[in-house]
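Thanks for sending this one over. Here are my notes, in numbered points, to read with the model open beside you.

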Amino acid sequence: MSDETPAVVIDGLAKRYGDVVALDGVDLTVPQGSVFGFLGPNGAGKTTTLRILAGLARPTSGRAAVLGHDVVARADTVHGLIGYLPDVPGFYKWMTAENFLTLSGRLFGLEGAVLRERVTALLDLAGLTGVTTRVGGYSRGMKQRLGVAQALINAPRLLMLDEPTSALDPIGRRELLEMIAGLAGRTTVFFSTHILADVERVCDTVAILAGGRVVVQAGIDELKARHGGGHRITVDVDRPDQLVEALQGAAWLASVAHEGRDVVLEAPDLETAFRELPAVVAAQGLALRRLEAAEVSLEEVFVDLVQGAAVPAGAGRGTT
Amino acid sequence: MTAFRAFVAKEFRETRKTWRLWVVPGVLVFLGLTSPVLAAVTPALLRATAGQSPGVVIEVPTPVARDAYVQFLGDLMQIVLLVVIITTGAAVAAERRAGTDVLMLTKPLTRDAFILAKTVSGVMLLAVATAIGAAVCVVGTVLLFDASHVAAFAASVGLWLALATMFTALMVLLSAATLRQGSAAGAGVTVWVALFAMTAFPLLRDHSPAGLMAAGDELLMGRDVALAWPLGTTLAIAALCVAGAVAVFRRKEL
């Protein structure tokens, strides 16, 4: 399979549970080598998509391929190429972390020195070296770290993680995100989350899923520029209504609104805004008390897109 | 094949490390120990009971080695089969409940191999445990009685093992189909009761696995038993159950 083959291609993927629509025609392409954030509110269909990609569930219609292999017809091939961590990983309680990693490696045909080295390295990565307690006695964070380690045992070409940081404390979360960031360029990481800060921190590309559909897929910077107008400027003047009226239709603005005592602007280019805005304030004879600029956050883009998405009947209910 | 072997090894290790070691093997060894003792002391107990009631006379024949084996076989048909039904009902269901199947089946362990590994390991565990339990029973019987009927007993235990293999395959199928241990065990017990009921009807008994339920005692009594139909249908049903379990589990959403 050539390096140009996308890590994941999803085409018109739909999944229904009776009358409940979990996925309603998802289209998505994940390039190889990317750290891809799969964002969406709870119940959007993220887990269902990942379960289909992992061969655990079947699509009602549409198709999905991992590294060029159809996930339904070639599930066995796909399983040799991926590492998968479900949202709540289940382990054999009687095993130690080392036992579980060794079993995982053997399922991939690893043996001898190669297996031992990999298990040792992954125990270290998961912070579980020397932990002889059985998995049944682990905290949720320890299980999550072991889950990531077992997903890496085969040095996968596609690492799929479902809400990997949700059970971790701040330090564990930071370590995991650093580990994911460290995999950039070496393998493809496809992880679902609703924690936007995680995505902003490590992802180069995101897709936002809402109501069983992908509402947008883009690089993070492109997404902010395209959907957020780039920068958010907060202005405090003595007569905000007058400023809002004066700014209506300005070509350098994406939007303008009166929020409380402030006027809030979204502008694609900050320098142009800083040049033009004071001129308008002066021309209107207004007193400028405060002017603050900030980048539009992914959270604002996310909320705008999710709230704007058309939600099909029945979507987002039940197990998704 | 590598993944299959690794998963079967995990099943054996799990048996050693968990309660599973103490259930089927434990029960079989316990019954192997107690069957000869019970056969030896039961007449004395009955006589003692009769002695407490004036006028009551109980004629009890002197116990022989065959009594110990009949006792053990009766327990195999009832107690041990029920234990097999209940424990094997968890074969797939327990992995589903714990979510462990997801981490196994997203690796190069196919669903077919998962089901086959569950069946093979279950039957192998049963075979080893039965051999140990039967050996303990033979040793106890030889010590307390004599060395007669050992060959007929071994053949009877072999026939029971064929029946238990069928129940193991059936329970893997039911566990895969329902994904619930309770539902699977309930259905398994229903089949077990139905088979017992079929032994009352000669035509059904002689042409179905029910024939194996009575065959052991007949062999120990030195009578000829027609085994082709009972054994053939038992093994055929076992094979069908394995094929059915594979087909059902392939379609399951996990």
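1. The area buried between chain A and chain B comes to about 2,400 Å², and carbon and sulfur atoms give 63% of it. On the chain A side, the residues that lose the most area to chain B are Tyr92(A), Trp94(A) and Leu107(A), which together make up 33% of what that side buries. Do keep in mind that this is a predicted model. The size of an interface is often given as the accessible area lost when the parts come together.

2. Counted by residues, the contact involves 30 residues of chain A and 27 residues of chain B. The rule also finds 11 residue pairs in polar contact across this interface, with both residues at pLDDT 80 or more. Several elements of chain A each supply at least two residues to the side that touches chain B: strand 1 (8-17), helix 2 (75-79), strand 6 (82-85) and helix 3 (97-107). Helix 3 of chain A gives the most, with six residues. Sorted by class, the side of chain A that touches chain B has 16 nonpolar, eight polar and six charged residues.

3. How many salt bridges are counted between chain A and chain B? The count is one. Lys15(A) forms this salt bridge with Glu253(B), and the closest N and O atoms are 2.6 Å apart. Side chains of opposite charge can pair when their charged atoms come close. Over all chains, the structure holds 25 salt bridges.

4. Strand 1 and strand 2 of chain A run antiparallel and are joined by eight bridges. They belong to an open sheet of four strands in chain A, with the order 2-1-4-5 and antiparallel pairing. Strand 2 (20-30) and strand 5 (69-70) of chain A each have a single partner strand, so one side of each is left without a neighbour in the sheet.

5. Further along chain A, have a look at the hairpin formed by strand 9 and strand 10, which has two residues between its strands. Gly211(A), in the turn, has a positive phi of about 60°. Strand 9 (residues 205-210) and strand 10 (residues 213-219) of chain A pair in the antiparallel sense over six bridges. Within that pairing, Val206(A) has Ala218(A) of strand 10 as its bridge partner.

6. On the overall layout, chain A is divided into domain 1 (8-222 + 303-308) and domain 2 (230-295). The C-alpha centres of domain 1 and domain 2 of chain A lie 43 Å apart.

7. The C-alpha trace of chain B spans about 70 × 40 × 35 Å along its principal axes.

Notes: Residues are numbered from 1 along each chain as its sequence is written. Chains are lettered from A and ligands numbered from 1 in the order in which they are written. Side-chain values use heavy atoms; hydrogens and water are left out. Contact means heavy atoms within 4.5 Å. Buried area is the accessible area (1.4 Å probe) that two parts lose on being put together, summed over both. A salt bridge is a side-chain nitrogen of Lys or Arg within 4 Å of a carboxyl oxygen of Asp or Glu. A polar contact is a pair of N or O atoms within 3.5 Å; within protein, one must be able to donate a hydrogen and the other to accept it, and residues adjacent in sequence count only if both atoms are side-chain atoms. Ala, Val, Leu, Ile, Met, Phe, Trp, Tyr, Cys and Pro count as nonpolar, Asp, Glu, Lys and Arg as charged, and the others, Gly among them, as polar. Domain bounds come from an automatic or database domain assignment. Two strands pair if DSSP finds at least two bridges between them.
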